[in-house]
Amino acid sequence: MTLSIDAPAAAADILSRPIGHLIGGASIDAADDFFATVNPCNGEVLAQVASGTEADVDRAVAAARAALDGPWGRMTPSERGKILWRLADLIEARTEEFAHLEALDTGKPVTYARLVDLPLTVDWFRYMAGWPTKLVGSTIPISAVATPGDYFAYTKREPVGVVAAIIAWNFPLMLAAWKLSPALAAGNTVILKPAEQTPLTAALLGEVIRDAGFPDGVVNIVQGYGETVGAALTAHPGVDKVSFTGSTEVGRHIVRASAGNLKKVTLELGGKSANIVFDDADIAAAAAGAANAVFFNQGEACTAGSRLFVQSGVYDQVVEGVAKFAAQIKVGDSLDPSSQMGPVVSDQQFSTVMGYLESGRQQGATFAYGGSQLGASGYFIEPTVLTDTAPGMKVVDEEIFGPVITVQRFDDVDEVVRAANSSCYGLAGGVWTSNVARAHAVADRLRAGTVWVNSYNVFDPALPFGGYKQSGWGREHGAAVFDSYTETKTVVVPTT
């Protein structure tokens, strides 16, 4: 394993032993079935991880149900909120440990893990810690003529039950917070299934969850492969809801598998987001914003602004600015404090991205910058800017999930709105203009769940987040997320 000189001892401790599951408050090791998690900077094995089975899932579901029907279900909303806040404090106190593990496992720069992933994780738990006492019902007057008599009618919001939270590998800790914090605030119990590529921070999170004082079984963590653990959770009759973040293809499998008991499903899926620069924009800010929108986190973000549309009058300036920005990015080892971009997460993802780049070459794209592997080891890819691109090219139509941006020219608003909306995805988008009326008008017309104006990738736990079309079902965050994690019960009582 590779650790920086100042790595916290606890990070090394996590890597010094096989990583197991957390089920019913206890650490559970695999009997004999493990898989390796590797450092994408060099391909070296970081740790051996227990490969979960259907039996492990059964035990986790039973533990979650017992906690739901037992101590967690009997806690007051205020008590639940205090535990969530305590968890946030403990994560914040161990920022360095989490940041090192996240950087090692994902390849993202440790500086970004420390300054972005960890603060946002803490913010999410603290924001959601305030919600348990605010999930209220209402009283409703009954006045239907076919309902004689006097009644008192009211609604209650109750937890859905046992939630399976299945997360992706690009922001492992933050996505765990996105799932756990609202589900727990609403009174549910959870089984977290980390991505098999990035299991490390979930292992440390399990330790911190126990330290925070959650009753046994409220949060369970089952490591393993999607086709085993993920499939078992999705089809399990004891699971009441699945919350999934990942690819659209896997989302379709989850929908089919969840049909057995018609469990509730929310899906945060892929994207091919349009980022639009008009000729009256602040060109320097737009070029830097467009570059950050796609190269942040190695391009491994569902919201990545991977389709850049530039109005003809400023096309050359913006392309030059984005290419210049790409050329200045320092790509390096995730634990090097000076690194601004790391490798993609795995050999498989490396092959996928390089395959798209070759497709771009074959279909006539021009490489304004990048397009090659960096270094002899690890999964490093140059930040890449592709011009002379058009719909029908795989690099334009399909989600690459790597540091690759395609640039297309446009002349008028109607043209670019049609092009932006032509994708099967609709997760996010960006608009760069100094014309306030145009900004609002274009934002209204884009078929996307989030539209940023003169900015990109602005997140807050209070902001609803989710996609149109094949980018998903439902919304994460804010008040809207609780529609997914609660049931509304109506109670009617005669008063005469």
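Tutor: Before we start, helices and strands here are DSSP runs, a helix having at least four residues and a strand at least two, numbered from the N terminus. The model itself is predicted.

Student: Fine. Where does Phe401 lie, then?

Tutor: In the loop that runs between helix H14 (394-397) and strand E17 (404-410).

Student: Buried or exposed?

Tutor: Phe401 counts as buried, because its relative accessible area is 16% and the cut-off for buried is under 20%.

Student: And what about phi of Phe401?

Tutor: Phi is near 60 degrees there, a positive value in a residue other than glycine. Leu262 also has a positive phi without being a glycine, at about 50 degrees.

Student: Where is Leu262 found?

Tutor: Leu262 sits in the loop between helix H10 (248-257) and strand E10 (264-268).

Student: Is Leu262 buried or exposed?

Tutor: Exposed, because its relative accessibility is 71% and exposed means over 50%.

Student: Back to Phe401. Which glycine has Phe401 among its contacts?

Tutor: Gly299 does. Leaving aside neighbours within four places in sequence, Gly299 is in contact with Val294, Ala304, Phe401, Gly402 and Pro403.

Student: Where is Gly299, and is it buried or exposed?

Tutor: Gly299 belongs to the loop between helix H11 (283-295) and strand E12 (307-311). With a relative accessible area of 3%, Gly299 is buried.

Student: You mentioned strand E17. What about Thr406, buried or exposed?

Tutor: Thr406 lies in strand E17 and is buried, at 0% relative accessibility.

Student: What is Thr406 in contact with?

Tutor: Leaving aside neighbours within four places in sequence, the contacts of Thr406 are Ser306, Arg307, Leu308, Leu386, Thr389, Val395 and Val396.

Student: Zooming out. How many helices and strands are in the protein?

Tutor: The protein has 17 helices and 23 strands. Its radius of gyration is 24 Å, close to the 23 Å that the globule rule gives for 496 residues, so the protein is as compact as a globular protein of that length.

Student: What box do the C-alpha atoms fill?

Tutor: Roughly 75 × 65 × 40 Å, taken along the principal axes.

Student: How many of the residues count as buried?

Tutor: Of the 496 residues, 56%. The protein exposes about 19000 Å², and carbon and sulfur atoms supply 53% of that area.

Student: Which domains does the assignment give?

Tutor: Domain 1 covers 11-269 + 472-491, and domain 2 covers 274-453. Their centres, taken over C-alpha atoms, are separated by 31 Å.

Student: How many residues are in contact between domain 1 and domain 2?

Tutor: 26 residues of domain 1 are in contact with 26 residues of domain 2.

Student: One more residue. Where is Thr155 found, and what is it in contact with?

Tutor: Thr155 is in strand E5 (residues 151-159). Leaving aside neighbours within four places in sequence, Thr155 is in contact with Gly137, Ser138, Ile140, Thr488, Lys489 and Thr490. At 14% relative accessibility, Thr155 counts as buried.

Student: What share of the contacts in the protein comes from residues 24 or more positions apart?

Tutor: Such residues account for 74% of the contacts with a separation of 6 or more.

How values were computed: Residues are numbered from 1 along each chain as its sequence is written. This is a predicted model: local features need pLDDT of at least 70, side-chain atom pairs count only at pLDDT 80 or more; totals for chains, interfaces and linings use all residues. Side-chain values use heavy atoms; hydrogens and water are left out. Buried means under 20% relative accessible area, exposed over 50%, partly exposed in between (1.4 Å probe, protein chains only). The radius of gyration is taken over C-alpha atoms; the globule rule is 2.2 Å times the number of residues to the power 0.38. Contact means heavy atoms within 4.5 Å. Accessible areas come from the Shrake-Rupley method with a 1.4 Å probe; for residues, only the protein chains shown count as cover. Domain bounds come from an automatic or database domain assignment.
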